[in-house]
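I opened the structure to look up a strand pairing and a helix contact. My notes follow.

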Amino acid sequence: MISSEWISRLWLLQLAFTMAVLAVLLLRRPCRRWLGAERSFQLWMLPPLAMLVSQLPHAITHTAAPPTLVHIVATAGGAFPAMPQATMSSDWRTAVVAAWLAGMVAVGLLGWFVQSRYWHRLRNATPASGPSRWPVLFAAEPELGPALVGAWRPRIILPADFKTRYDECEQALILAHEEAHARRRDGLWSLCAVVVVAVCWPHTLAWLGWRLFRLDQELACDAAVMRDHHGLRRRYAQAMLKTLSAASALPVGCAWSPRHPLTERIAMLKEKPSLTRHRIGGYVVAFCASTLAGMVYAATPAVPEGKGVAPNHYGLSIDVAYNGGAPETHFAQCLKPGQYVTVNGSATGVAAWNGRFTVVPAEGGQLEVQGDLSGGTLEEPVHPKVRGQPGQTATIEVGEVHHGDVKSNHSIRLDVTARLGC
């Protein structure tokens with residue numbers, strides 16, 4: 001069922017997002033203190049990167065199984081058995097997916113509404129002449145701007161009283177701030193953040209992360225301006241104090257708003273990491289990104305859920321033990337899809353038995369071992385089925401004989417391990 005596949009993928013997205021955001025929350029302040037605000041802001045690339053990696057298909061290889069706890073958490077979203085077709089209309093998973101998609105659409109529409117309302121208020125804006133590489137507009141209202149609006153073709157918005165509110169030095173610093181936003185493509189980063197929040201809208205960390213992302217974005221831009229105008233910290237702080245705009249944070253863009261803690265921004269102007277630490281910070285961020293991506297990739301199921309591409313072969317190993325003892329016989333076989341392996345044996349107190357086994361893919365990236373057993377102490381053939389992640393061992397035990405209230409332990413235990421590939 002498609003709803004089961006969607007739930008599995010959404011579950012993996014949430015796990016990857018949670019893991020990445022917690023890493024950012026843990027590292028952002030130490031990174032800002034030691035390596036600078038610009039490197040600290042770059043940590044926010046980790047959540048979308050982790051979410052993308054969690055959806056990548058895995059190569060079909062013979063690998064060791066992940067730790068049990070990791071496997072349980074990573075596959076919990078697809079662990080529920082499929083419901084019969086007749087109950088499709090009442091499948092709660094379909095309702096969950098529908099509600100999730102509705103929330104994503106609602107968040108997207110809200111962002112579009114806020115962005116459109118801002119653009120509507122700019123309908124009477126007039127172009128400004130100047131040396132800026134990006135279009136500059138004077139808004140018709142003093143409450144609009146300074147801001148950078150847009151992702152693909154950003155525009156710098158200045159308030160109507162820009163030339164009277166600021167002196168020439170402050171005007172240059174404000175323009176440098178907005179140009180730094182445009183140069184760093186912060187409008188595009190803001191759009192990416194909106195998409196992440198829309199996908200993870202039920203998650204509390206999504207909204208907390210959005211607020212901290214915007215703060216770190218402004219701190220990074222302040223640091224970029226101070227790197228080029230390091231002797232004008234006091235004048236830059238004065239320009240900040242004059243720019244308490246009433247505008248809310250733009251979904252796609254960067255607007256000065258009361259939501260940015262001004263005292264923290266002014267305090268951070270004193271911080272100026274050395275060029276060496278700035279360069280080291282680039283390696284640190286790259287290391288964090290590659291490490292987190294590898295951890296997420298290793299923790300996700302070995303194959304995509306549902307109708308993923310099936311492997312050409314399955315590896316199946318079977319250890320046979322009798323009467324609760326240690327394994328006495330080991331079988332290993334490489335099977336094509338749909339192929340069976342025949343297993344038989346006997347032991348003291350257990351009559352000869354025989355069986356056959358095959359491996360089929362199951363939900364949640366699992367593999368299902370299906371068997372047919374007869375003989376031994378079995379009064380009639382049995383058809384056991386066990387599921388597990390590739391490389392994990394499952395147990396099939398049959399053959400206990402009961403005489404009234406007395407149980408005779410003439411049993412056959414088979415420890416089966418299915419793998420992707422041979």
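I started with E397 and looked for its bridge partner. In this predicted model, E397 is bridged to R413 in strand 15.

Next I checked the strands involved. Strand 12 pairs with strand 15, residues 412-420, in the antiparallel sense. I noted six bridges for this pair.

I found an open sheet of four strands, in the order 7-6-15-12. The pairing in the sheet is antiparallel. Which strands stand at the edges? They are strand 7 (329-335) and strand 12 (393-398). Each has a single partner strand, so one side of each lacks a neighbour in the sheet.

I moved on to the helices. I picked helix 3 (residues 46-54) and helix 12 (residues 275-299). Their axes lie 9 Å apart, and they pack at an angle of about 30 degrees. Angles under 35 degrees count as roughly parallel, and the two helices are therefore roughly parallel to each other. The crossing of helix 3 past helix 12 is right-handed.

Which residues meet there? From helix 3 I listed L46, L49, A50, V53 and S54. From helix 12 I listed C288, A289, L292, A293, V296 and Y297. I sorted this contact by class: 10 residues are nonpolar, one is polar and none is charged.

Terms used:
Residues numbered from 1 in each chain as written. Predicted model: local features only at pLDDT ≥ 70, side-chain atom pairs only at ≥ 80, totals over all residues. Heavy atoms only, no water. Axes fitted to C-alpha atoms, helices over the stretch in contact; angles between N-to-C directions. Parallel < 35°, antiparallel > 145°, perpendicular 65-115°, else oblique. Left-handed = near helix turned anticlockwise from the far one by under 90°. Contact = heavy atoms within 4.5 Å. Nonpolar A, V, L, I, M, F, W, Y, C, P; charged D, E, K, R; others polar. Pairing = 2+ DSSP bridges.
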